[in-house]
Structures are given as C-alpha cells and as structure tokens.
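Please read it beside the sequence and the structure shown here.

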Amino acid sequence: MRSMIDIEGVSKSFSTKAAGQVFALEAVRLSIFDKEFFTLLGPSGCGKTTLLRLIAGFEAPTAGKIRIGDLDAAALPPQARPVNTVFQSYALFPHMTVAENVAFGLEMLKVARPEIDARVRAALAMVRLDNFASRYPRQLSGGQQQRVALARALAPRPKVLLLDEPLSALDLKLRKEMQSELKRLQQETGITFVLVTHDQEEALAMSDRIAVMSAGHVLQVGNPREIYDNPASRFVADFIGESNVLPGALLGRSADVMIAVRPERISIVPAANDNAAGRARGRIESVTFLGLDTLYEVSLGEDIRLRSRARDAHPALGAGAVVVVDWPDDVERQLAK
C-alpha cells in the first residue's frame with residue numbers, strides 16, 4: 001500500500017529547568033497508509049499528541065523527517081500542509097452559524113463563493129446536519145457540535161484528517177454512536193484519518209491499524225486483532241483490554257518467561273464436577289456481574305490471582321467456591337519484558 005505519512009527517525013525534546021532535556025519522542029519510525037484509519041494509542045504522556053502536532057506542523061521535530069504524500073513537511077507551515085485537525089474542544093465560533101463555521105476555512109483559502117456554498121452543503125449532508133445550517137453552536141448538542149467540527153475539517157478536502165481525542169467530552173452512548181460515524185466518514189471520503197486516543201476500546205472499534213505508544217516510543221503496530229491477540233510486550237498486553245500475566249518456564253530450558261492469557265479465554269468449573277480437569281485449582285475471591293458477562297477473580301495461592309470472564313454464570317460459582325481453572329494452549333502468549 002502507498003504511504004500517506006512517513007515518520008523517519010523523529011525525536012522531540014523540551015528543555016526544563018528541573019530535568020534539563022526531556023524527550024517526548026525518541027527516534028520514532030512509522031508509516032501511515034493512504035486511505036486508512038490509523039490510531040495512535042497510549043496513556044497520557046506517551047507522546048501521541050506530540051506526534052500529532054508534529055504532523056500538523058504546530059511543533060517542529062528536534063530530529064528526523066516527516067513526509068506527507070510527496071511533500072517534505074519540514075518545508076511547509078501548518079496552513080500549507082494537506083492536513084486538517086479536529087480538536088478535543090471542537091473550537092466552534094459561537095457567534096457564527098453552523099454554515100458559517102463550516103465555511104470559515106474555505107474563506108481563508110479564498111475559495112470562490114459558489115464553491116464554498118456547494119462544499120458547505122455537501123459537508124453538512126455528509127455529517128447528517130443538512131437542516132441545522134442556520135443554527136448556532138449553543139443550540140446544538142455535544143454530538144452535533146462534534147459533527148460540525150468534522151464538517152468544517154472535511155470541507156477543504158484535506159488528504160489527512162487529524163483527530164485529537166475528539167470523543168472524550170461525550171457520554172458513553174454518544175461516543176459509541178460517533179465511533180460508527182467517524183468510521184463511516186473515513187470510508188466514504190477515502191481520507192486518511194489519524195486518531196489520537198487513550199481509549200483502547202475506541203481504538204479497537206475504529207482502526208485499520210494501531211500504533212501502541214509508551215514513553216515516547218512506538219512499541220507495536222498492527223491491526224486490532226493482531227494487537228489484541230498477539231501483544232508484543234507486557235505493556236501492550238496490560239494496556240489493550242484485560243490480561244492475566246502469569247509466571248512460566250520454557251520446557252527443556254531454564255529460562256523463566258511471562259505468559260499472558262485473556263480473561264475470556266479462561267474457563268472455570270466447580271472442583272466437585274466429576275469431569276473437572278485443568279491446569280490448576282483455585283478459590284473464587286469475588287464475582288462481579290457486568291451485564292453482558294460475569295467477571296470472576298480467582299486465587300491460585302502464592303499471591304497469584306487471575307480473572308475469568310464468562311457469558312453464562314454458573315450457579316455454583318460464588319465467592320469461596322473451589323474451582324478448576326483451564327485454558328487452551330493456543331491462546332497463551334509469551335511476552336517480552
């Protein structure tokens with residue numbers, strides 16, 4: 001696939017009085033493909049927003065290069081890059097109508113008035129706000145304001161749309177709806193979307209590929225299933241969803257390893273079951289009903305606890321019950337430290 005963004009050995013450092021030179025990014029290498037929904041995922045302070053700002057041109061790299069399409073981004077100011085950004089705060093102008101907000105960027109680009117009007121109509125239709133053109137931001141819900149911000153960013157027809165945690169201010173139900181809307185818009189427009197988020201579920205639901213970041217480094221890049229089923233390190237296993245990390249050893253060797261098993265892959269049955277067989281016996285410490293499934297916390301002794309998630313709760317599996325624990329061999333993942 002053709003690259004839309006190439007990040008070549010990019011570092012970004014800041015000078016501080018307390019700690020001297022601090023690196024937000026260190027020698028990051030990454031390619032983002034044309035027409036894909038790509039997510040930069042990681043905890044606060046991992047460098048994901050800094051990387052987004054470097055692509056947008058709001059910051060300059062300390063070292064390395066960024067290419068957008070065939071362009072050397074270092075030679076271009078933010079307004080000359082084929083990129084638009086949707087911010088967490090939406091940044092709508094309160095004194096302008098929805099149509100005027102969407103038209104603003106096109107006016108700055110000196111697009112002809114008839115073309116502006118046509119693009120505004122098309123952008124509002126795309127985000128399903130055709131009938132809201134004359135309203136003001138204060139007359140809109142949070143989700144509607146988010147859609148106006150998206151329409152404004154899409155109207156100039158950028159090659160890349162950068163999304164800086166755009167759903168964080170929305171309630172859970174609206175976030176789910178907007179996840180579907182963002183994915184639909186990306187597929188309809190064919191624009192490369194680059195999303196920054198710390199929400200693992202959001203990243204898994206929307207992305208074609210994900211880059212998991214920590215402490216200024218990219219730890220793993222892959223599609224959602226690769227990231228979830230085959231984490232490359234303990235950090236990735238812990239950060240993406242839930243994972244049981246257990247001590248183990250390689251057969252025939254003296255090397256100790258860490259093994260990750262997802263809670264939904266672990267089965268537990270009452271130890272009194274005549275057919276019960278598995279890897280270990282344990283005692284249920286707690287049971288938490290989560291609606292779709294039930295979470296069991298099981299103590300295996302020696303300070304080892306694991307979590308099991310099951311769709312169908314067993315009536316005999318209450319706190320204090322002795323159980324047999326098992327999981328298939330093919331769901332174990334050996335982790336790098």
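About 660 Å³ of space lies in the largest pocket of this chain, which is a predicted model. The points below begin with the lining of that pocket and then turn to individual residues and their partners.

**The largest pocket**

- The lining of the largest pocket is made up of 25 residues, and those that lie nearest its centre are Val83, Asn84, Thr85, Gly105 and Pro156.
- Strand E6 (83-86), helix H2 (98-108) and helix H4 (142-154) are the elements that give two or more residues to this lining, and the largest share, four residues, comes from E6.
- By residue class, the lining of the largest pocket divides into 17 nonpolar residues, four polar and four charged.

- Val218 is found in strand E10, which covers residues 217-222, and it counts as partly exposed because its relative accessibility is 24%, which falls between the 20% and 50% limits.
- When residues up to four places away in sequence are not counted, Val218 touches Val28, Ala211, Val212 and Met213.
- The C-alpha atom of Val218 is separated by 7.9 Å from that of Arg29, although these two residues are 189 residues apart along the chain.

**Two residues with positive phi**

- Arg128, a residue other than glycine, has a positive phi value near 60 degrees; its place is in the loop between helix H3 (113-126) and H4, and at 47% relative accessibility Arg128 counts as partly exposed.
- Glu165, likewise a residue other than glycine, has a positive phi value near 45 degrees, and it lies in the loop between strand E7 (160-164) and helix H5 (172-189).
- Is Glu165 buried or exposed? Glu165 counts as buried because its relative accessibility of 13% is under the 20% limit.

**Salt bridges**

- Side chains of opposite charge can pair when their charged atoms come close. With a cut-off of 4 Å between nitrogen and oxygen, the count for this model comes to 25 salt bridges.
- Arg157 and Glu115 meet through their side chains in a salt bridge, with an N to O distance of 3.8 Å. This pair links distant parts of the chain, since Arg157 is in the loop between H4 and E7 while Glu115 is in helix H3, 42 residues apart.
- Arg157 counts as exposed at 55% relative accessibility, whereas Glu115, at 31%, counts as partly exposed.
- Asp199 and Arg175 form a salt bridge through their side chains at 3.1 Å, N to O. Asp199 lies in the loop between strand E8 (192-197) and helix H6 (200-206) and Arg175 lies in helix H5, so this pair ties together parts that are 24 residues apart in sequence.
- Arg175 also forms a salt bridge with Glu202, where the closest N and O atoms are 2.6 Å apart. Here too the pair links distant parts of the chain, with Glu202 in helix H6 and Arg175 in helix H5, 27 residues apart.
- Both partners of this pair are buried by relative accessible area: Glu202 has a value of 1%, and Arg175 has a value of 13%.

Key: Residues are numbered from 1 along each chain as its sequence is written. This is a predicted model: local features need pLDDT of at least 70, side-chain atom pairs count only at pLDDT 80 or more; totals for chains, interfaces and linings use all residues. Side-chain values use heavy atoms; hydrogens and water are left out. On a 1 Å grid over the protein atoms alone, a cavity is a set of points where a 1.4 Å probe fits but cannot get out, and a pocket is an open set with protein on both sides within 12 Å along at least five of seven lines; lining residues have an atom within 4 Å of a point. Grid points are joined across faces, edges and corners, and a volume is the space filled by probe spheres set on the points. Ala, Val, Leu, Ile, Met, Phe, Trp, Tyr, Cys and Pro count as nonpolar, Asp, Glu, Lys and Arg as charged, and the others, Gly among them, as polar. Buried means under 20% relative accessible area, exposed over 50%, partly exposed in between (1.4 Å probe, protein chains only). Contact means heavy atoms within 4.5 Å.
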